[in-house]
Amino acid sequence: MSFWFTATGICILKCSECQRPFETISVWERIVIIMKHYDYLIVGAGLYGAVAAHELSAAGHSVLVIDRRDVIGGNIYTEEIEGISVHRYGAHIFHTNDRAVWEYVNRFAQFNRFTNAPVANYHGELYSLPFNMYTFNRMWGVVTPDEAAEKIEEQRRAVGIQNPRNLEEQAISLVGTDIYEKLVKGYTEKQWGRPCTELPAFIIRRLPVRFTYDNNYFNAQYQGIPVDGYTRLAENLLEGVEVRLGADFLESRDDWMASADRVIYTGAVDAYFDYCLGALEYRSLRFETEILDTPNFQGNAVINYTDRETPWTRIIEHKWFAFGTQKKTVISREYSAEWKKGDEPYYPVNDEKNGALYEEYRKLASREEKVIFGGRLGEYKYYDMDAVIGAALSMCERELRHGETASICCR
């Protein structure tokens, strides 16, 4: 057995002869590995886990990161295909208004100036997103903000919804019927796998409406994508940290728990407790990625298909995230799917039933004295990347402060 170091210094334990992942190592070899003891075991090499590993290691703690996948980075993992950085698990565009987080992440990656300006395709009609004056002009032929505002208000008054009972009524009460029917209804029903009339109103608390010609999707001061891809960002965060890939925490839970004083768990919280209270619901995603022998397939990084009939929710053309000039292109069709055990969970289903069930799991998690639950799956919440980083940094600050207090008390 030996440690294999990546180009950026990540220490990944694999077989010295063939660099086999951890899952293929013999039982005896696993026992020898697990006998080593650490201050922290971090379950998951995604963004939360990588930030935590960096901070705790930099503070002088021994840290081991494990991940059941054979790659680092979690869902932000990117791979190079035809010289193009491809987002394997869906498009990730970093954006934030938090200057401290922006400065932090720029320590580990150089970001380009990509601005997210998606396009909606409704049966061949193309609309700008988010809803803005370009959208309203295409929809109704209006040319002034007053005309657009009046059109929306006219449609809202016509339906007269005072207390929305479901997502459909909520959306119409916010933006009127035309925008809802063409740009919200079909896309949302594909995303959630059920009619908008069966979805709770609180899923859409607000819909951004801009009476300006601004196609920037995010209201964020800082925005971009790592020039060398998100995988390099993860590598830089994990530089010098021991990482074991192909290692499933839940399959050998007792051994892994014994390997460290503290455990930071970023997997699914219900899976940790063996679904003892029932399974939380998620939405999953499926991707069809192909290389095309053309330099330009759709002319934009993201095009959403907002009609109900088109089976995919959007098409990503990856090269435009980096202003690519390659002779070929790589596209990914993204499909939303119902999650079942064994599938990759992407988005928590934020309704009252799942919220109540998660609260019960959270109570169980609070009783696990040596385990910290964090990240999208560990906390059963949707996280933007900047919020993930902020949460991981706050957790590490609490841990390090607690460690200092414990050290003083023991003197």
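1. Residues 1-5 call for caution: this is a predicted model, and pLDDT stays under 50 over this stretch. Where pLDDT is low, the predicted coordinates should not be read in detail.

2. A further stretch under 50 in pLDDT covers residues 405-411. For residues 405-411 the model has zero contacts beyond four places in sequence.

3. Regarding the chain as a whole, the mean pLDDT is 91. A pLDDT of 70 or more is reached by 89% of the residues.

4. Seven strands make up an open sheet with mixed pairing, in the order S9-S8-S14-S15-S16-S13-S17. Which strands stand at the edges? They are strand S9 (125-128) and strand S17 (347-348); each has a single partner strand, so one side of each is left without a neighbour in the sheet.

5. Within that order, strand S8 (residues 119-122) and strand S14 (residues 302-305) deserve a separate remark. Their pairing is parallel and runs over three bridges. Alanine 120 stands opposite asparagine 304, which belongs to S14.

6. Strands S5 and S6 form a hairpin, with two residues between them. Their pairing is antiparallel, over four bridges, and isoleucine 81 stands opposite isoleucine 84 in S6. In the turn, glutamate 82 has a positive phi of about 55°.

7. Strand S5 (78-81), strand S6 (84-87) and helix H8 (230-237) are the elements that give two or more residues to the lining.

8. What is the make-up by class of the lining of the second largest pocket? The lining has 10 polar, six nonpolar and five charged residues.

9. Aromatic pairs number 27 in a search of the whole structure. One of them joins phenylalanine 273 and tyrosine 361: the pair is stacked, at 6.1 Å centre to centre, with 25° between the planes. Phenylalanine 273 lies in the loop between helix H10 (269-272) and strand S13 (282-292), whereas tyrosine 361 lies in helix H11 (residues 352-366), so the pair ties together parts that are 88 residues apart in sequence. Strand S13 is also one of the seven strands in the open sheet.

Key: Residues are numbered from 1 along each chain as its sequence is written. This is a predicted model: local features need pLDDT of at least 70, side-chain atom pairs count only at pLDDT 80 or more; totals for chains, interfaces and linings use all residues. Side-chain values use heavy atoms; hydrogens and water are left out. Ala, Val, Leu, Ile, Met, Phe, Trp, Tyr, Cys and Pro count as nonpolar, Asp, Glu, Lys and Arg as charged, and the others, Gly among them, as polar. Two strands pair if DSSP finds at least two bridges between them. pLDDT is the predictor's confidence in each residue, from 0 to 100. Contact means heavy atoms within 4.5 Å. Rings of Phe, Tyr and Trp (its six-membered ring) pair if their centres lie within 6.5 Å; planes under 30 degrees apart count as stacked, over 60 as edge-to-face and the rest as tilted.
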